[in-house]
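Please open the model in your viewer and keep the selection tool at hand. The stops below proceed from one selection to the next.

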Amino acid sequence: MTFEFSATVRERDLDLAFTVDDREVVAVLGPNGSGKSTALSVIAGLLRPDAGHATLDGRRLLDVGRTGATPAWVPPHARGIALLAQEPLLFPHLTALDNVAFGPRSLGQSRRNARAAAHHWLDEVDASQYADRKPGQLSGGQAQRVAVARALAADPKLLLLDEPMAALDVTVAPALRQMLRRVLRDRSAVIVTHNVLDALLLANRVIVIDHGHVVEEGPTTQVLARPRNPFTARIAGLNMVRGTVDGHGVRSSDGLMVEGLAGHALAQGDPAVAVFRPSAVAVYRHPPGGSPRNAVPVTITDLEPHGEQVRVRTSTLSADVTAPAVAELDLVPGAQVVFTVKASEVAIYGA
Amino acid sequence: MAGSRYPGLPGWVFVPAAVGALFVVLPLAAMLGTVQWSDFPSLIASESSVAALVLSLQTSTTSTVLCVILGVPMAMVLARSAFPGQQLLRSLTLLPLVLPPVVGGIALLYTFGRKGLIGESLEVLGIQIAFSTTAVVMAQTFVALPFLVVSLEGALRTAGRRYESVAATLGARPTTVLRRVTVPLVLPALASGAVLSFARALGEFGATITFAGSLQGVTRTLPLEIYLQRETDPDAAVALSLVLVVIAVIVVGLGRGARGA
């Protein structure tokens, strides 16, 4: 299976292109309103783009608005692409079993074979015990499991997942994520998410889109470890300063200077980013004198629990400190403090 | 019911509400009081009455079936597709709701009547529609169709397209989606819409008398029969009215049942 795709939807300011290789799970990351779900609708055939093309295994699914190309349009039911949405959207009048059997039935299988396939897929997602229930009798997590089985039972060449865990309770999401990890192995899929865990556990490759354009692309671990885009840095939980190379550091357009270690030699004045973990940041009430560290005066905007620690947010950077330190330093939103970070904790690379 | 919720209504609201309820119930009670119970069986069993009742039930059922056959696709096109002039078409479709039925009857007459737009050509083919039982069914369908279209279109819009989109990505062709997803989802609305159409067809008077006339056993439905009897035999008119009320109550009950399902 290979999938090639490009689309322009002017109304939603979307203009992007990407490919999915055989047995590859691609995570599409991006802020709300960046056009992720729109892209999935175009791929599934539910939305006609102003221009774009899509081929699946060499078969043209979509070709519109391109000069010189014969237009093509394959309706959603004939594409071999299933879509799993945020909500399970199980047909309320059918039992879980008949919901899962819907795809096989639609593809022309006999009632008996379709039901057998449905039993198999319900078993695959650990939902056999719900076979005879109507969707109204299922919890959100149970219903989403059945929805996964239903999508897989349709035997799609490409599976699209639109934030499949977003509507679920935090207590049931991890189990569903593990299940998806199991069933997505050896499959080709595109998963839209803004959860870094989904990308890490489910995807081989990530594409980051912002304002409808691809801003970053590569193997998941690499992109998340060395982000080049502020959104990617934020979901990877990293601090990022973007600017140009200045001496041994990066100077941002608003004058912030952060020194660090560059992996490769960078030319002065080249665009670069300085990236460091919030846990590498120390917080002071007053600038520590004569220190070789980077020191940045900031105003706290927000405090939130982060594991065992407290994440101290400002408009640009974050720091992780212990709860006793928060009390001792009297950290509250609006307080003016100094963030410091050792140059050895800061990675600098070209952007 | 366990516990009763604080209604949160100002007390004075109950006064006009009670007046309104009385306004509806009192005439029915007055009618009940006028019925000659001893003669009731013979009053409603006269040849012309039975003919009218049978004709009414037959034509109303037929026009309800027609409303479903024509109205379901109309509601789907109005709710799901987009084309130029759709708003105008929707308004025109709903016109019979607000049109005086007599005007509807005249419009039908000038379309399908002997000298009408299409009627003239049909006349050449030896087909006469006006003043036949077919005309009764057409008049009833004309006034009842909007009821089904309105209730079904609303239900289709409320249900949304999301289930249909999912069904399509699971490999279901449009006809399969329609049969296995769309129709089951709006079935309660379809049932209550059909009941409303039946009720409207049963009560139809103005368009029928204009377009179909009043021939006993052919076009004289129960409302027409009641109107005529009122001149000659008021007691029979009241008895027949009661029959119509009973049928209406049953129909409304069925409609509520369908809606609650």
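Select helix 2 of chain A, residues 96–106: eleven of its eleven residues are buried, so this helix is largely enclosed by the rest of the structure. Buried means that 20 or more other C-beta atoms, placed from the backbone, lie within 10 Å of the residue's own; helices are DSSP runs of H or I of at least four residues and strands runs of E of at least two, numbered from the N terminus. This is a predicted model, in which local features need pLDDT of at least 70, side-chain atom pairs count only at pLDDT 80 or more, and totals for chains, interfaces and linings use all residues. Residues are numbered from 1 along each chain as its sequence is written, while chains are lettered from A and ligands numbered from 1 in the order in which they are written.

Which elements surround helix 2 of chain A? Its buried residues, among them F102(A) and R105(A), pack against helix 3 (111–124) and helix 4 (140–153) of chain A, and against helix 8 (162–169) and helix 9 (174–203) of chain B. Next, select G108(A), which follows helix 2 of chain A and has a positive phi near 100°.

Now display the open sheet of chain A, whose five strands have the order 2-1-4-5-6 with antiparallel pairing. Strand 2 (14–20) and strand 6 (72–73) of chain A stand at the edges with a single partner each, so one side of each lacks a neighbour in the sheet. Within the sheet, strands 4 (51–56) and 5 (59–64) of chain A pair over five bridges; pairing requires at least two DSSP bridges.

Finally, select chain B, which has twelve helices and zero strands. Of its 261 residues, 36% count as buried.

How values were computed
Buried ≥ 20, exposed ≤ 12 C-beta atoms within 10 Å, placed from the backbone. Contact = placed C-beta atoms within 7 Å.
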